[in-house]
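Hello,

Here is the structure we spoke about, with the sequence alongside. My notes on what was found in it follow below.

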Amino acid sequence: MKIVISILGLLLSAVAATAQTKVEKVVPTKASGDGITYSLPVTSFVVGAEITKVTVKAGPYYRYAERYLGIKDVATEDAVYYELGKVTLTSKGVPDPENTYKIEFKQKTVAPFAYLTPEGLLCAINDVYVMEEQAQEPDTEKGKANIPPSSSVYTEELLMAGSVARQAEVAAKQIYHLRESRTDILTGDADNLPPDGEAMKIVISKLEEQEKALTALFTGSETRETIWFDVSILPEDELEREVLFRFSSKLGILDADDLGGEPVYINLTALERAPELDPKEAEKKAKSSKGIVYNVPGRARVEIIRNNKTLVKKDVPVVQFGTQEMLVPVLLEDKKEPVKVIFYPETGAIRQITK
């Protein structure tokens with residue numbers, strides 16, 4: 001699933017300032033004053049898989065395909081099977097309920113304005129946030145690789161042929177006759193040629209459609225329906241051969257705990273991880289949280305694997321392996337040159353700081 005972030009702008013009125021903007025971590029049981037509440041995100045992953053359902057129908061004359069048409073590889077029975085196509089990986093920011101903050105604006109404070117996502121993730125302060133263009137989620141496709149023959153191919157001669165063997169012989173003769181007619185038109189040997197190029201295209205197209213429909217009586221038909229399957233995962237730490245889902249050529253996509261299919265794994269390996277603080281340092285840092293808190297993500301390598309083959313391999317920022325820092329609110333309250341800050345909503349990291 002590709003990420004499309006809709007931005008909701010919240011403009012907070014600015015008045016003359018003497019008091020400093022207050023920022024504090026939200027406590028659910030504590031009454032909130034006038035201000036804006038935002039959450040920092042944690043990193044989740046969305047894995048998309050292209051699944052194609054193939055439905056095969058055997059032709060009624062498949063036994064005679066090699067004898068009359070010289071075709072050996074044909075469908076001999078009806079079947080349904082599935083194919084696993086393209087696999088994609090997208091990282092997405094999900095609001096972290098344990099890291100929600102309130103920017104409280106007191107009276108006579110020059111309050112910055114902020115843009116949030118509908119989920120409450122911070123996008124920008126003192127500046128308009130422009131949503132980056134995102135790739136669209138692949139559309140569900142329904143295609144036909146080989147159209148089943150319609151009843152129109154059953155001519156009177158074919159229906160009156162009697163036995164299946166005789167019907168196959170008549171159908172084969174019709175195929176060869178159509179091929180000869182097409183060749184005569186293309187070479188100019190036909191008695192009645194189409195009047196112009198456009199008419200010739202139409203006639204040739206009709207002849208080819210009839211030939212394909214008759215040939216399908218021998219080779220069989222195949223229809224293909226493609227859909228996209230998405231699975232989301234929210235890791236707490238590194239992952240090693242975590243089963244995302246299972247895939248079966250007979251059953252398609254299966255749950256991770258369904259042993260009826262082959263597992264598709266995800267590996268998550270930290271490449272850059274913020275050093276852990278000892279309890280005293282962590283407590284001191286938490287008490288000093290009087291600024292605009294933002295994330296400094298770590299980095300990790302993500303791999304999607306099936307049958308020991310890597311389907312996707314990416315290095316991406318991951319909030320869970322990073323740390324948090326703060327912007328001093330007074331920097332945002334300069335009436336002449338207020339600081340403008342743009343964030344990455346999906347990670348909570350600073351993208352740009354300008355005046």
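Confidence in this predicted model is lowest in strand 1 (residues 8-10), where pLDDT has a mean of 32, and highest in strand 11 (residues 262-272), at 96. Here pLDDT is the predictor's confidence in each residue, on a scale from 0 to 100; helices (H or I, at least four residues) and strands (E, at least two) are DSSP runs, numbered from the N terminus. Over residues 1-21 the pLDDT is below 50, yet this stretch has 67 contacts in the model beyond near neighbours in sequence, a contact being heavy atoms within 4.5 Å. Residues 27-32 are also below 50, and they have three contacts of that kind. The average pLDDT of the protein is 80, and 75% of the residues score at least 70.

Two notes on how to read the values. Residues are numbered from 1 along each chain as its sequence is written, and side-chain values use heavy atoms, with hydrogens and water left out. As the model is predicted, local features need pLDDT of at least 70 and side-chain atom pairs count only at pLDDT 80 or more, while totals for chains, interfaces and linings use all residues.

Overall make-up

The protein has 15 strands and five helices. Of its 355 residues, 38% count as buried; buried means under 20% relative accessible area, exposed over 50%, and partly exposed in between (1.4 Å probe, protein chains only). Among contacts between residues at least 6 apart in sequence, 76% join residues at least 24 apart.

Helix 3 and helix 4

Two packed helices are described by the angle between their axes and the distance between the axes. For helix 3 (residues 164-187) and helix 4 (residues 197-219), the axes come within 10 Å and cross at roughly 160°. Axes are lines fitted to C-alpha atoms, for helices over the stretch in contact, and angles run from 0 to 180 degrees between N-to-C directions.

Thr215, in helix 4, is buried at 15% relative accessibility. Leaving aside neighbours within four places in sequence, Thr215 touches Leu69, Ile71 and Ile175.

Loops around strand 13

Asn307 and Asn308 are both in the loop between strand 12 (292-306) and strand 13. Asn307 is not a glycine but has a positive phi of about 55°, and Asn307 is exposed, with a relative accessible area of 51%. Asn308 also has a positive phi, near 65°, and counts as exposed at 72% relative accessibility.

Val328 is in the loop between strand 13 (309-327) and strand 14 (340-344). With a relative accessible area of 44%, Val328 is partly exposed. Val328 and Gly291 are 37 residues apart in sequence, but their C-alpha atoms are 4.8 Å apart in space.

Regards
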